[in-house]
Amino acid sequence: MAIDAGIADLSVWSNTDTHLDIESYVGHLPQDPSHSILLSQFYIGAMAAHVRVPLEVGLEIGSGSGQLSYGLCQSSPLKLLICSDVSMQFLRILAKRLEPIRHFRQTCLCRLDANRLPFRDGSVSAVFGHSVLHHIARFEDTLREGYRVLRPGGVAMCGEPIMDHFGLLS
């Protein structure tokens with residue numbers, strides 16, 4: 001495993017990254033911290049009715065520039081938040097954005113392929129994905145992997161705001 005600027009590179013493909021124009025993409029996203037906190041509260045609130053285990057370890061798939069990560073890092077009940085993305089470029093942006101607030105909880109940034117999560121079965125209590133599934137060619141594999149690493153009684157939630165759709169899995 002390689003470490004780059006505090007980011008664990010767990011990707012099985014060394015040449016994998018996003019095809020997005022990152023500067024343009026990030027420039028169109030709201031970077032308002034209050035928006036991120038409200039977004040995380042929406043996710044945690046929607047998950048609360050379905051989760052049957054303490055929300056201790058959360059895995060965010062496709063963290064990107066941190067729309068959801070920032071809020072989860074600042075205002076969620078999680079003890080550990082694993083933020084992941086296929087793009088080292090996005091993870092570097094996320095690391096800078098989270099730096100002032102990472103002391104609120106333990107946070108780990110990982111570059112990985114969401115279709116091959118390098119975690120044990122049942123190792124996380126929550127899986128998050130915000131506006132990411134439409135970027136993944138085989139998102140069914142990502143959902144299957146998310147379910148595999150989810151603890152019994154845990155919950156996963158993926159939101160696709162551009163499609164006006166949110167889904168829960170418990």
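Which residues does Leu-98 touch, not counting residues up to four places away in sequence? In this predicted model, Leu-98 meets Ser-69, Tyr-70, Cys-73, Cys-83, Thr-107 and Leu-109, where a contact means heavy atoms within 4.5 Å. Residues are numbered from 1 along each chain as its sequence is written, and side-chain values use heavy atoms, with hydrogens and water left out. Local features need pLDDT of at least 70 and side-chain atom pairs count only at pLDDT 80 or more, while totals for chains, interfaces and linings use all residues.

Leu-98 also turns up in the largest nonpolar core, a set of 26 residues in which Leu-98, Leu-109 and Phe-128 have the most contacts. Such a core is made of buried Ala, Val, Leu, Ile, Met, Phe, Trp, Tyr and Cys residues joined through side-chain atoms within 4.5 Å; buried means under 20% relative accessible area, exposed over 50% and partly exposed in between, with a 1.4 Å probe and protein chains only. At least two residues of this core come from each of H2 (33-48), H3 (69-75), S4 (80-85), H4 (88-98), S6 (124-130) and S7 (150-160). Helices (H or I, at least four residues) and strands (E, at least two) are DSSP runs, numbered from the N terminus. H4 gives the most, with five residues. A second, separate core has 18 residues, among them Ile-82, Val-127, Leu-150 and Ala-156.

As for confidence, mean pLDDT (the predictor's confidence in each residue, from 0 to 100) is 84 for the protein, with 81% of residues at 70 or more. The lowest mean, 56, belongs to helix H1 (residues 22-27), and the highest, 96, to strand S3 (residues 57-61).
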